[in-house]
There are 2 protein chains.
Amino acid sequence: MTFQQLDGASVNPQANVYFDGKCVSHSLSWPDGTKKSVGVVLPASLTFNTGAPEVMECVAGGCEYRLAGTQEWRRCGPGERFAIDGNSSFDIRVAEAFHYICHFG
Amino acid sequence: MTFQQLDGASVNPQANVYFDGKCVSHSLSWPDGTKKSVGVVLPASLTFNTGAPEVMECVAGGCEYRLAGTQEWRRCGPGERFAIDGNSSFDIRVAEAFHYICHFG
């Protein structure tokens, strides 16, 4: 599955490095105020906290995730997405790599 | 030092993951055919091979590098850059993190 490019983006060239590099992303913005990031989670079990609400969209690979306050692990593969409330968190388990677009707000 | 954003880019949302994640980059392109990538090298000693000629520009952190066929390690810090011939290679040593823009062609 080949994902379409994100066009017309302003790219912050400094990466966001989380969890000793288990997650690396680059922040993107657009003239209309839209903000996204593109990133990858490498094999790991991690917990992410959200500030703004987020939608995580898988572009390659996959993960299992569990939203705060829920028991169930769900799978997210290419073309699928999941939403996380603001000021919340989610657990994520990645066996190979999880390439994603994070949509904010 | 805060680097200016790269504007008007088309972003490939799938990361390039090298050396088990010691280097992660995202590929960018522009309508005029310009290609760059933005990436980060985490603490490691690595050897990169080039296809096209490249200019590596440091946006944060730093590295030491040694071009193929040379003996000397040189330092590259924020705002500095170094050029690598096509079909060549360079060694790189990173103690913290090396955030870069790679300019191709």
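This is a predicted model: local features need pLDDT of at least 70, side-chain atom pairs count only at pLDDT 80 or more; totals for chains, interfaces and linings use all residues.
Q: What makes up the side of chain B that touches chain A, by class?
A: That side has 16 nonpolar, 10 polar and 2 charged residues, and its largest share, 6 residues, comes from strand 1 of chain B. Across the interface the rule finds 10 residue pairs in polar contact, both residues being at pLDDT 80 or more, while chain B and chain A bury about 2,100 Å² between them, 64% of it on carbon and sulfur atoms.

Q: Why is the relation between chain B and chain A called that of a two-fold axis?
A: Chain B can be laid on chain A by a turn of 180° and a shift of 0.0 Å along the axis, with an RMSD of 0.0 Å, and that is the relation of a two-fold axis. The same surface serves both copies, since 100% of the contact residues of chain B recur in chain A.

Q: What makes strand 1 of chain A and strand 1 of chain B a pair?
A: Pairing needs at least two bridges, and 3 bridges join these strands, which run antiparallel; the two therefore pair. Among the partners, Val11(A) is bridged to Leu6(B).

Note on methods: Residues are numbered from 1 along each chain as its sequence is written. Chains are lettered from A and ligands numbered from 1 in the order in which they are written. Side-chain values use heavy atoms; hydrogens and water are left out. Copies are superposed by least squares on the C-alpha atoms of residues with pLDDT of at least 70 in both. Contact means heavy atoms within 4.5 Å. Buried area is the accessible area (1.4 Å probe) that two parts lose on being put together, summed over both. A polar contact is a pair of N or O atoms within 3.5 Å; within protein, one must be able to donate a hydrogen and the other to accept it, and residues adjacent in sequence count only if both atoms are side-chain atoms. Helices (H or I, at least four residues) and strands (E, at least two) are DSSP runs, numbered from the N terminus. Ala, Val, Leu, Ile, Met, Phe, Trp, Tyr, Cys and Pro count as nonpolar, Asp, Glu, Lys and Arg as charged, and the others, Gly among them, as polar.
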